[in-house]
Amino acid sequence: MGGTAQFLIFIMIIIIIKESLAKAASLDATPQTLQKSGDKIKLSLRGVAQPAEFDWLGFYNPADSDHNFFLGYILLSSCLGFMDSGSCEWEIPLGNMRAPYQFRAFRGKSVNVTANTTVDEDGDPLPVAESVLAVSSSVEFHNYNEPTQIHLALTSNPGEMRVMFVTRDPVRSFVKYGRKREHLHSIAKARMETYSQSDMCDSPANASIGWRSPGIIHDVVMENLQQGKRYHYQVGSDTGGWSDIYSFRVPKEDADETHALLFGDMGTTAPYLTFKRLQPESERTVGLMEAELERLEDHAVYISHIGDISYARGYAWLWDEFFQRIQPVAAKAPYHVCIGNHEYDWPLQPWKPDWASHIYGTDGGGECGVPYSVRFNMPGNSSSPNTSTKIATRNLYYSHDVGVVHFLYFSTETDFTRGSEQLAFMEKDLQSIDRKKTPFVVVLGHRPMYSSNMDDHSRVLRAEMIEHIEPILVKYNVDLVLWGHVHKYERICAIKNHTCGETEKLPVHVVIGMGGQDYQPPWQARPQHPNTYVYPQQEWSMFRSAEFGYGRLHATRSVLKMEYIGNHDGQVHDVLEIKLEEEDDDRNCEYPAWFWALNVAAAVVLSLVGSGLILLKRKSATLQQHRQDVDVMKPRGSYLRVQTSNV
């Protein structure tokens, strides 16, 4: 028999073996219809002959997606016992992404990484589908118009609350709400908006590998709410179905305190690996905040996420994963955001001065702010034209009062220099604050003005921020400035131009980018990475930690306290207190009626009885003591900062 014939027989044997392997394996998904987003399926893979190290399971949505266009994957070798038995089982929660799922098991292969190899964010090769081992049936959702991704936000008007949610189709939808769970008699109609693949500005966002339809985003405002009261609500429609009933407490305009949970750079996680690094710590962050909301049930709570929101970076379904995972907190308390580099930056962004050419790059994955702009609706009307798409970039800068705190958000990704609309807005806002109403002012932005992570490109940006933004923070007595971007916690002193203030009242800066994303150069040496540069702690850095977590803020009319809560133990790891101190200024003192009556009585006594001088002196001493007590309670004065930390 000739060599050619032998080779053909060999090839046929290989094909037969591969087909027999595929026929022998099975992949079952039960149930095949899920009732609501977040329900679990059970996947059972059986009968894989000769299990191999690089075999993998792919997640697909829609079900007819190309083999290479998976949502994510699991390496089968990570399943306990698979390499011995060829079998594995999983229980996996699935979000309603408005299309059927399918699961496929593949025989993979080892890949030598070259310049042309498709790799993930860590430089590891993505799995290769050398042959199909097994394919599940499609997994459907009972209702693709189920209202999902529910999240709240404050508007510019007291006594209102905005709610946003998603359906597959443009179903006319509403919010029903009321003081009692069983009496949701008020109703408001939602407006609808969406965006398309052509609205994206670059790859992967505008490519088939990254694009998935976002569905229809619904936006509706609940009006005429009684301040300080708890309301129950439900979103959806009779046609598309209704959500579960959620509740929130309306903030009081004249409240004497503020409760807030604050963090940056949280991201999301998923039951698979994917093209980009996920943030599994985000799940713990959300879980701890959910417990905070339960503990603070009798109070209005405010949530602030200062940039780098979902870390989708052009892989659209990660926005779905993100909103599904924050819904337990975002459906119960207003969830406010500002823009970060991973929502926005792309090569053709409109504002990119010469000094920023190496700062603003491709971090947005081609999204160019579009999903961020449509999926959130923050107070105010700030926006910037987008030369690459018809959808303007929104939610750039805004402010509002929440109890005793005035919050001012701004964008570090768009023009903040002298002469810009944004800087003009910031200065006008800061100079118009009523400090009797909101004695504390907090400014929030994404990229920090101060941080121990002093890489070269950040130095340039920070110098620009110190030149253009810091002067108005100092001029208008901003108390606290919060930043993200650096995925750690760092408390900086009250500072101006890299110098801690001793007598001058200056803002305290705190970096709170420890919400979940873990990619960052270390602050401590690691034996396994001896050549990795460690950023030294600067003299103006009071405390820093790499522990994931969030900030818990509580402010009264005299004290603002922010605690750093660590994820691993849920305990306080650092405390910042900013206290108002009395100021000797009679013009702001308001005395009770008895004070003036006593003055009149003293004058009468003095005019009638000379001996009354002794009595008057005694009374005056008492009044002077009361005057000092009133001065202590002034709404505005000099500042005393007490800063403590513990690990």
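Modeller: Gladly, and one caution comes before the rest: this is a predicted model. Let me begin with an aromatic residue, phenylalanine 141, which is buried, with a relative accessible area of 4%.

Biologist: What does phenylalanine 141 form an aromatic pair with?

Modeller: Phenylalanine 141 pairs with tyrosine 144 in an edge-to-face arrangement, with 6.5 Å centre to centre and 65° between the planes. Tyrosine 144 is buried as well, its relative accessible area being 11%.

Biologist: And what about tyrosine 372 and phenylalanine 376, how are those two arranged?

Modeller: That aromatic pair is tilted, with 50° between the planes and 5.9 Å centre to centre. Tyrosine 372 has a relative accessible area of 0% and is buried, while phenylalanine 376, at 2% relative accessibility, counts as buried too.

Biologist: How many aromatic pairs are there in the whole structure?

Modeller: The search of the whole structure finds 37 aromatic pairs. Ring pairs also link a cluster made up of Trp56, Tyr60, Phe70, Tyr73, Phe106, Phe275, Tyr315 and Trp317.

Biologist: OK, switching to charges. How many salt bridges does the count come to?

Modeller: The count comes to 31 salt bridges. One of them is formed by arginine 98 and aspartate 320, whose closest N and O atoms are 3.0 Å apart.

Biologist: Where do arginine 98 and aspartate 320 sit in the chain?

Modeller: They belong to distant parts of the chain, 222 residues apart: arginine 98 is in the loop between strand 6 (88-93) and strand 7 (102-107), whereas aspartate 320 is in helix 4, residues 317-330.

Biologist: Are they buried or exposed?

Modeller: Both arginine 98 and aspartate 320 are buried.

Biologist: What does arginine 557 meet in a salt bridge?

Modeller: The side chain of arginine 557 meets that of aspartate 256, at 2.8 Å from N to O. As for cover, arginine 557 is partly exposed, with a relative accessible area of 29%.

Biologist: And lysine 437, which residue forms a salt bridge with it?

Modeller: Its partner is aspartate 401, and the closest N and O atoms of the two are 3.5 Å apart. This pair also links distant parts of the chain, 36 residues apart, with aspartate 401 in strand 24 (residues 398-402) and lysine 437 in the loop between helix 7 (421-431) and strand 26 (440-444). Aspartate 401 is partly exposed, at a relative accessible area of 33%, and lysine 437 is partly exposed at 28%.

Biologist: Which residues do salt bridges with shared partners join into one network?

Modeller: That network consists of Arg162, Arg191, Glu193, Asp219 and Arg394.

Biologist: Then which residues gather in the patch of positive charge on the surface?

Modeller: The patch brings together Arg179, Lys180, Lys229 and Lys252. Of these, lysine 229 lies in the loop between strand 15 (216-222) and strand 16 (230-237).

Biologist: Why does lysine 229 count as partly exposed?

Modeller: Lysine 229 has 35% relative accessibility, and a residue is called partly exposed because its value falls between the 20% limit for buried and the 50% limit for exposed.

Biologist: Which residues other than glycine have a positive phi?

Modeller: Aspartate 308 is one of them, with phi near 50°, and asparagine 497 is another, with phi also near 50°. Aspartate 308 lies in the loop between strand 20 (301-306) and helix 4 and is buried, its relative accessible area being 1%. Asparagine 497 is in the loop between strand 28 (489-496) and strand 29 (499-500) and counts as partly exposed at 49% relative accessibility.

Definitions and conventions. Residues are numbered from 1 along each chain as its sequence is written. This is a predicted model: local features need pLDDT of at least 70, side-chain atom pairs count only at pLDDT 80 or more; totals for chains, interfaces and linings use all residues. Side-chain values use heavy atoms; hydrogens and water are left out. Patches are made of residues with over 30% relative accessible area and no salt bridge: like charges are joined within 9 Å, nonpolar side chains (Val, Leu, Ile, Met, Phe, Trp, Tyr) within 5 Å. Accessible areas come from the Shrake-Rupley method with a 1.4 Å probe; for residues, only the protein chains shown count as cover. A salt bridge is a side-chain nitrogen of Lys or Arg within 4 Å of a carboxyl oxygen of Asp or Glu. Lys and Arg count as positive and Asp and Glu as negative; His and the chain ends are not counted. The place of a charge is taken as NZ of Lys, CZ of Arg, CG of Asp or CD of Glu. Helices (H or I, at least four residues) and strands (E, at least two) are DSSP runs, numbered from the N terminus. Buried means under 20% relative accessible area, exposed over 50%, partly exposed in between (1.4 Å probe, protein chains only). Rings of Phe, Tyr and Trp (its six-membered ring) pair if their centres lie within 6.5 Å; planes under 30 degrees apart count as stacked, over 60 as edge-to-face and the rest as tilted.
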